[in-house]
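Trainee: Hi! I've just opened this one and could use a guided tour. Can we go through it together?

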Amino acid sequence: MTSPLILTPNLDRPDDVYAELLAAHDGLTKAQSDALNARLILILANHIGDQATFIQALTKAKGAGSNDRPHDGGHD
Amino acid sequence: MNKIFETPLYPYARNRDQDADHPPRHKVIVVGAGPVGLAAAIDLAQRGVPVVVLDDNDKVSFGSRAICFAKRTMEIADRLGVGQAMVDKGVQWNQGKVFFGDRKVYDFNLLAEAGHQFPAFVNLQQYYIEHYLVQRIRTLQADGASIEIRGRNRVTAVRPHDSHTALTIDTPDGPYSLEADWLIACDGAGSAIRAMMGLDFIGRVFEDNFLIADVTMEADFPTERWFWFDPPFNTGQSALLHKQPDGVWRIDLQLGWDIDKTEEQKPENVIPRLKAMLGEDTGFELEWVSIYTFQCRRMARFRHDRVIFAGDSAHQVSPFGARGANSGFQDADNLIWKLQLVLEGLAEDSLLDSYDAERVAAAEENILNSSRSTDFITPKSDISRIFRDAVLDLSEHHPFARPLVNSGRLSLPTVYDGSVLNSGDRLPGADAGTRPGAPCPDAPLGDGFLLPQLGHGFTLLTLNADAPDVVEEAGLTIPRLAVTTDADETGALAARYLGTAGSAVYLIRPDQHVAARMETYDDGAIRAALRRAIGQEYRP
Ligand SMILES: Cc1cc2nc3c(=O)[nH]c(=O)nc-3n(C[C@H](O)[C@H](O)[C@H](O)COP(=O)(O)OP(=O)(O)OC[C@H]3O[C@@H](n4cnc5c(N)ncnc54)[C@H](O)[C@@H]3O)c2cc1C
C-alpha cells in the first residue's frame, strides 16, 4: 500500500522538532554529523517502509535544493 | 599441498582429424574445458549429440577460483551426473559473521528452506568440479557416447560462414583445421573467439585489487563465512574468510588501486598480512595466491548466428555473490536442450535467440547484483562511505539494517519473466516461485525428491489432476509425472506448486523452468504452450 507523501504541515510543534535536530548535532565534528544524518535517514526510511513514498520524498528533497538544480535538469 | 591441478587430466594425443585432407566437419564443437564448456559438452553427449571439446590446456583450472556453489548449480550438476559428488566433497555452511572495524556487528544464519535435495550452498574448489566433470566424460565415453576432449588444442583462428564455422587449431604437432555446424565458445573471460570475431565486451572495471589466498591450516575457526569491513588488520579495506574442503581456507583481502601487483603477491608480503589477520600463532601454509581486479561486463549479444557464447566469455561479474560459475552452469542448462531440438530439426534455429534473450537478462541481473555488492564493499565517494558505515553501525543494534549490509548477494537462479517461451499464468492463488519462467523449486516426493524425476526432456507435471499419460505434439513425446498431495507430509509440494489451488498441471522445460501452468489439463492450451516453448508460436 502506497501512502502519499505528506507535504503539508504535519508536526505539532515544528520549533521543538527543529531544535531537537540541531541539538543532536551539537559538539559533533562534520564527519560525526554526516554519520548521524545518514543513520537518521536510514532509520526513517525503514520506518516509512513503502518504497514509492520514500522515492517521492527523495525526489522532493532533490527538487527543492537551489544549489543542485543545474545538475538534475531543474524541473519541478 | 593439493596437486590435483598439476596433473594433466586430458593430455595431448594426436587425433585422426589432424591427418585429414579436408577440414573434417563436426556437429558441435565446444571451445574451452572450464566448468561451463564441460557442462555443455556432457549435456550434449547425454542427449546423444556428438561433441568435441578443444582446450588450450590439459589440466583443471589453476588454483581454486570459484569456491561457492549454489543449489541450482548442484541441481543442474545432478542432471549431468556429478551433483552428489559435489555435495559429498563440499563443505556446507549456514552461519556467518559480519565485522566492522574491531568489533563483530552481528551473526547470521542463511535459514535455508527445508525440503530440497541439495543444500543452499556448498564450498568446493572449482578444480574438484572440473575434475568430476572430466571423470563424467570418461564414463560417458566408456558407455559409448560420442564425446571427445582434446587437450593442448588452442583455437587460433575462427571464420564464421553461413552454413558453418571454420577453425584453425594449434597443437604440439602443429596446426590443423576443423569445421563446426555449431560452435559454443566457453573460452573464458579473455575469450580468444570473441576477440577474433571483433565482438564487444562492455562494462565497468572496478578500480580495486583483491589479494586472494588459499591457505591450509589446522585452526579452530568455525565453518562460517566471516566478512570484515574496515578491519584493524586491513585498514580502510575489506576481508573475507571462508572454509573449503581439505582444511583449505579462502582469504580475500582488498588492497586498493595503487599497488604493485607483483610485489603484493610475493610470499614475504602476503604472509605478514595473513598473520595480522589470523593471529601470529596460527600456523598455515599458502596453497595459492593471486591478485585480481573486478570487471562487470557482458557481450551485447551471446548468439552470433552459428557461434554461441556461454559462461565468462559472454559475461563477467565480480566474485562477490558467487555468480560467475553459477550463472555459467545456467547458460549451459538453457542452451543445450534448445540446440538439440534445432539439430534434430524439431525447432527452428530462432529458438536459439531465446537463449540470447533469457541469458542476457540473467547476466544483467547478475551484473546489477554484483555491482551493488562491490559498491557497498568499496564505496566510491565520501557520501557512499558515510551511508555504508551508517548501515554497519546500525546493524550492530537494529535488525532492520542487516538486510542493507551487502557483502555479496548469494547467487539465485534467474526467473525468465517475459520470455517469449512462456505461456500466461493460469493458476491463480499459486506461489509466484513456480510462475512461468521460474526454475522449478525442489520438494520432497515419496522417498526422494521432485527434481530428479523430471528427466532431460519436457515433462507434464500434474498435481491432483487428470491428464493423458503422454502428450505427442510437434514431434515431441512428453511424459506425464503424476503426483498427488495425499502423501505430502511436509506440505512443501502443495505450498510450492498449488498454493490455494486444488489441482495443477505444469508444463516443464528440459532445463526445469516452468513453461506454463493451469489448474486442470487443457489439451489445446498444453499443446499451444509446448509449441510456444520450442519457439513455434513467435517470430522474432
Ligand atoms: C578469485 C575468483 C573467485 C571466484 N569465485 C567464484 C565463486 O565462488 N562462485 C562462482 O560461481 N564463480 C566464481 N568465480 C568465477 C568462476 O571462476 C568463473 O566464472 C568460471 O571459471 C567461468 O567458467 P568458464 O568455463 O566460462 O571459463 P573458464 O573457467 O575461464 O574456462 C575457459 C577455458 O577455455 C580455455 N581456452 C581459452 N582460450 C582458448 C583457446 N583459444 N583455445 C582453446 N581453449 C581456450 C582455457 O584454457 C580454459 O580452460 C571466481 C573467479 C575468481 C577469479
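Mentor: Happy to. Let's begin with a term: a residue is called buried under 20% relative accessible area, exposed over 50%, and partly exposed in between, using a 1.4 Å probe and protein chains only. Also, this is a predicted model, where local features need pLDDT of at least 70, side-chain atom pairs count only at pLDDT 80 or more, and totals for chains, interfaces and linings use all residues. Residues are numbered from 1 along each chain as its sequence is written, chains are lettered from A and ligands numbered from 1 in the order in which they are written, and side-chain values use heavy atoms, with hydrogens and water left out.

Trainee: Okay, how much of chain A counts as buried?

Mentor: Of its 76 residues, 12% are buried. Chain A exposes about 6,200 Å², and 59% of that comes from carbon and sulfur atoms. Accessible areas come from the Shrake-Rupley method with a 1.4 Å probe, and for residues only the protein chains shown count as cover.

Trainee: And how many helices and strands does chain A have?

Mentor: Three helices and zero strands, so the order from the N terminus is α-α-α, given that helices (H or I, at least four residues) and strands (E, at least two) are DSSP runs numbered from the N terminus.

Trainee: Which residues make a nonpolar patch on the surface?

Mentor: A:Tyr18, A:Leu21, A:Leu22, A:Leu40, A:Ile43 and A:Leu44, with about 550 Å² of accessible area together. Helix 1 (14–24) and helix 2 (30–48) of chain A each give two or more residues to the patch. Patches are made of residues with over 30% relative accessible area and no salt bridge; like charges are joined within 9 Å, and nonpolar side chains (Val, Leu, Ile, Met, Phe, Trp, Tyr) within 5 Å.

Trainee: Where does A:Leu40 lie?

Mentor: In helix 2 of chain A. A:Leu40 is partly exposed, at a relative accessible area of 33%.

Trainee: Which residue meets A:Lys30 in a salt bridge?

Mentor: A:Asp34, at 2.8 Å from N to O. Both lie in helix 2 of chain A, four residues apart, about one turn of the helix. A:Lys30 is exposed, with a relative accessible area of 61%.

Trainee: What about chain B? Which residue pairs with B:Glu473?

Mentor: B:Arg527, with the closest N and O atoms 2.9 Å apart. This pair links distant parts of the chain, 54 residues apart: B:Glu473 is in strand 24 (residues 470–473) and B:Arg527 in helix 12 (residues 523–533) of chain B. B:Glu473 is buried, at 15% relative accessibility, while B:Arg527 is partly exposed, at 23%.

Trainee: Which other residue forms a salt bridge with B:Arg527?

Mentor: B:Asp523, again with closest N and O atoms 2.9 Å apart. B:Arg527 and B:Asp523 are separated by about one helical turn, because they are four residues apart in helix 12 of chain B.

How values were computed: A salt bridge is a side-chain nitrogen of Lys or Arg within 4 Å of a carboxyl oxygen of Asp or Glu.
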